[in-house]
There are 2 protein chains.
Amino acid sequence: MADVVKAIAYSSSANLGPGYDLLAVAHNAFFDTVTAAITCEGEAKVELSTQREMTIDPEKNTAGLSVLHLLKDEELKLCVKLTLSKGIPVGLGLGSSGASAVAAVSAVNELLGVGIPHEKLTYYAMMGEKAAANVPHPDNVAASMFGNFTVVYSVNPIKVFTISPPKDLRILLVIPDIHIEQKTKRAREMVPKSISMEEHVELSRRLSSLLVGLQLGSKEMIREGMHDPVVEVSRLSLFPFYPSMKRRLLEGGAISVAISGAGPTVFGLTDDSTNSEYIRRFVANECSNFNIHCTVVNADFAKGTKIENRK
Amino acid sequence: MADVVKAIAYSSSANLGPGYDLLAVAHNAFFDTVTAAITCEGEAKVELSTQREMTIDPEKNTAGLSVLHLLKDEELKLCVKLTLSKGIPVGLGLGSSGASAVAAVSAVNELLGVGIPHEKLTYYAMMGEKAAANVPHPDNVAASMFGNFTVVYSVNPIKVFTISPPKDLRILLVIPDIHIEQKTKRAREMVPKSISMEEHVELSRRLSSLLVGLQLGSKEMIREGMHDPVVEVSRLSLFPFYPSMKRRLLEGGAISVAISGAGPTVFGLTDDSTNSEYIRRFVANECSNFNIHCTVVNADFAKGTKIENRK
């Protein structure tokens with residue numbers, strides 16, 4: 001029996017246009033790793049270290065906070081030592097905070113052998129997200145937990161269904177090297193507090209088109225659906241480069257384009273007919289026009305969280 | 001070659017909880033019939049008669065108005081005589097006005113042999129709906145045109161996808177004999193002009209659950225999804241009997257319950273495990289508590305509009 005369990009969880013892109021706070025997709029572009037070990041019994045406590053710092057406040061990190069929620073709710077009086085190894089860049093809309101939380105609760109679940117269902121683990125990971133964004137949003141953590149496209153169709157209790165991607169689809173990420181102070185919090189605050197009924201109906205149409213398009217593999221429905229005239233538009237001042245980049249990615253044959261989560265990364269779906277050369281050339285030009293440097297990453301859809309060494 | 005073409009179109013229930021203005025289902029409970037004939041050439045004109053009145057103003061009836069739109073947009077200078085035979089009760093949320101429009105444009109399309117696609121015919125029928133509700137809503141007409149469950153995922157231009165119902169599902173309609181003056185118009189006006197982002201996200205979750213549940217045949221997801229805390233709730237003062245009726249239908253084993261379109265009809269999905277005897281007994285009692293008389297109709301899912309005699 002191993003004394004230490006290691007789990008990984010992949011990066012993800014949330015929202016995807018009209019799926020604000022419910023839709024996301026996991027990709028194998030990056031992953032976080034968490035190892036967990038028990039160091040004492042009798043009290044519920046988390047000690048957290050990363051590759052950079054020896055110990056950090058577990059309440060201020062999604063990995064630590066989600067495990068604290070797990071220990072408390074499951075009434076487990078144990079000290080858990082977590083070691084977090086970040087592979088996912090932080091603050092770029094790639095679900096970094098969510099993946100740390102998912103890897104942490106997965107590792108602890110395996111370590112303790114308590115068999116908590118994935119939905120409940122997703123709940124604990126979501127509660128951990130408060131450390132990053134104040135609000136416990138479930139979209140990224142569901143994708144990192146379950147893999148592929150995930151829709152959180154109920155929050156209390158958490159219920160998730162997954163959609164396997166159409167066979168020939170791939171993922172393109174354009175990652176600008178800009179860091180926006182308190183980005184997720186600011187991006188969430190920019191979302192309008194209310195929307196008109198017309199906007200709601202239009203978003204519902206697009207969400208329907210996207211969901212069914214992903215299930216049927218209809219690229220026309222995916223393209224029609226992955227367009228968000230409300231949430232994305234409300235945040236545009238954070239991402240001035242986005243409208244022209246989106247237009248040019250579509251010109252280069254991307255199927256559909258959206259801001260990845262709270263940005264600034266741009267998410268695209270591509271297939272064999274996408275002109276990657278055109279896109280790479282354009283992205284370099286366009287980013288330099290905006291005085292930013294961008295990395296283009298091609299990725300595949302990822303599976304859910306994975307235990308690297310079992311107990 | 002027949003000089004007269006006859007088409008029928010079935011009744012439908014729109015909204016189904018979170019699908020306001022986009023989701024509907026056709027049922028074989030009732031249908032309207034329209035016959036169409038050409039009476040002159042050289043001008044675009046519609047003459048309309050029903051079983052009750054010899055001629056009525058075609059602009060004030062959805063069948064007449066939709067054919068006027070068709071003739072104008074398709075640049076057809078013909079006089080068309082329509083005879084409308086109403087089988088669907090009016091003003092009860094059963095898609096009566098929409099079915100008349102669908103049967104009319106289908107009959108005229110066949111009569112003239114112009115091969116207008118179903119999506120375009122749906123558009124003309126939707127424009128005809130202005131005669132009934134001031135606003136050209138596409139949900140009922142899409143269901144009567146295409147059959148089964150329909151989602152209008154784009155309005156301009158009209159794009160529709162259909163979902164075949166899970167095999168063992170049936171429809172239950174509870175039809176109260178109350179007529180509310182200008183009901184559809186009033187019911188539309190009661191819908192809030194704007195909703196909070198939280199309400200929007202909740203409705204999006206439920207819509208996702210309903211759409212995927214219908215596709216997968218998951219009754220749990222259908223039940224979770226067919227619940228509307230916003231639009232239905234805003235209209236409750238029109239339907240004081242609804243909350244207790246919904247609760248008792250669910251107790252009787254209905255899978256899910258919603259107001260049918262703008263009401264007052266109550267729509268339920270049932271299966272073999274539904275206790276029809278309990279429901280019938282309860283509905284009679286409950287309606288008499290509210291001093292109304294209700295008819296319970298069991299129906300199957302209907303196909304789309306049908307030409308009864310081809311040219």
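Mentor: Gladly! The secondary structure of chain A consists of 11 helices and 12 strands, where helices (H or I, at least four residues) and strands (E, at least two) are DSSP runs, numbered from the N terminus.

Trainee: What makes chain A as compact as a globular protein of that length?

Mentor: Two values are compared, the radius of gyration, taken over C-alpha atoms, and the globule rule, 2.2 Å times the number of residues to the power 0.38. Chain A has a radius of gyration of 19 Å, close to the 19 Å from the rule for 311 residues, so it is as compact as a globular protein of that length. Along the principal axes, its C-alpha atoms fill a box of roughly 60 × 40 × 35 Å.

Trainee: What should I keep in mind about the model itself?

Mentor: It is a predicted model, in which local features need pLDDT of at least 70 and side-chain atom pairs count only at pLDDT 80 or more, while totals for chains, interfaces and linings use all residues. Residues are numbered from 1 along each chain as its sequence is written, and chains are lettered from A and ligands numbered from 1 in the order in which they are written.

Trainee: Why is Ala9(B) called buried?

Mentor: A residue is buried if 20 or more other C-beta atoms lie within 10 Å of its own, exposed if 12 or fewer, and partly exposed in between, with C-beta atoms placed from the backbone. Ala9(B) has 35 other C-beta atoms within 10 Å, so the word buried applies. This residue is found in strand E1 of chain B. Leaving out residues up to four places away in sequence, Ala9(B) touches several others, among them Phe31(B), Val102(B) and Ser144(B); touching here means that the C-beta atoms of the two residues, placed from the backbone, lie within 7 Å.

Trainee: How do you know that helix H5 of chain B is mostly covered?

Mentor: We test its residues, 139–146, and find 8 of 8 buried. They include Asp139(B), Ser144(B) and Phe146(B). The cover includes strands E1 (4–15) and E2 (19–41) as well as helices H2 (96–112) and H3 (118–128) of chain B. After H5(B) comes Gly147(B), with a positive phi near 85°.

Trainee: How much of chain A is buried?

Mentor: Buried residues account for 53% of its 311 residues.

Trainee: What makes E9, E10, E7 and E11 of chain A a sheet?

Mentor: Pairing does: two strands pair if DSSP finds at least two bridges between them. E7(A) and E10(A) have 5 bridges in the antiparallel sense, and 6 bridges join E7(A), residues 170–176, to E11(A), again antiparallel. Both counts meet the definition of a pair, which is at least two bridges. Ile171(A) stands opposite Leu269(A) in E10(A), and Leu172(A) stands opposite Asn298(A) in E11(A). The whole open sheet of 4 strands has the order E9-E10-E7-E11.

Trainee: Which strands are called edge strands?

Mentor: E9 (256–259) and E11 (294–299) of chain A, each of which pairs on one side only. From one strand to the next, the twist averages 20°.

Trainee: Why is E7(A) described as largely enclosed by the rest of the structure?

Mentor: Of its 7 residues, 6 are buried, so the description holds.

Trainee: How many residues are in contact between the two chains?

Mentor: 28 residues of chain B are in contact with 28 of chain A. On the side of chain B that touches chain A, helix H7(B) gives the most, with 12 residues.

Trainee: What makes E8(A) and E8(B) a pair?

Mentor: They share 3 bridges in the antiparallel sense, and Ser194(A) has Ser196(B) as its bridge partner.

Note on methods. Axes fitted to C-alpha atoms, helices over the stretch in contact; angles between N-to-C directions.
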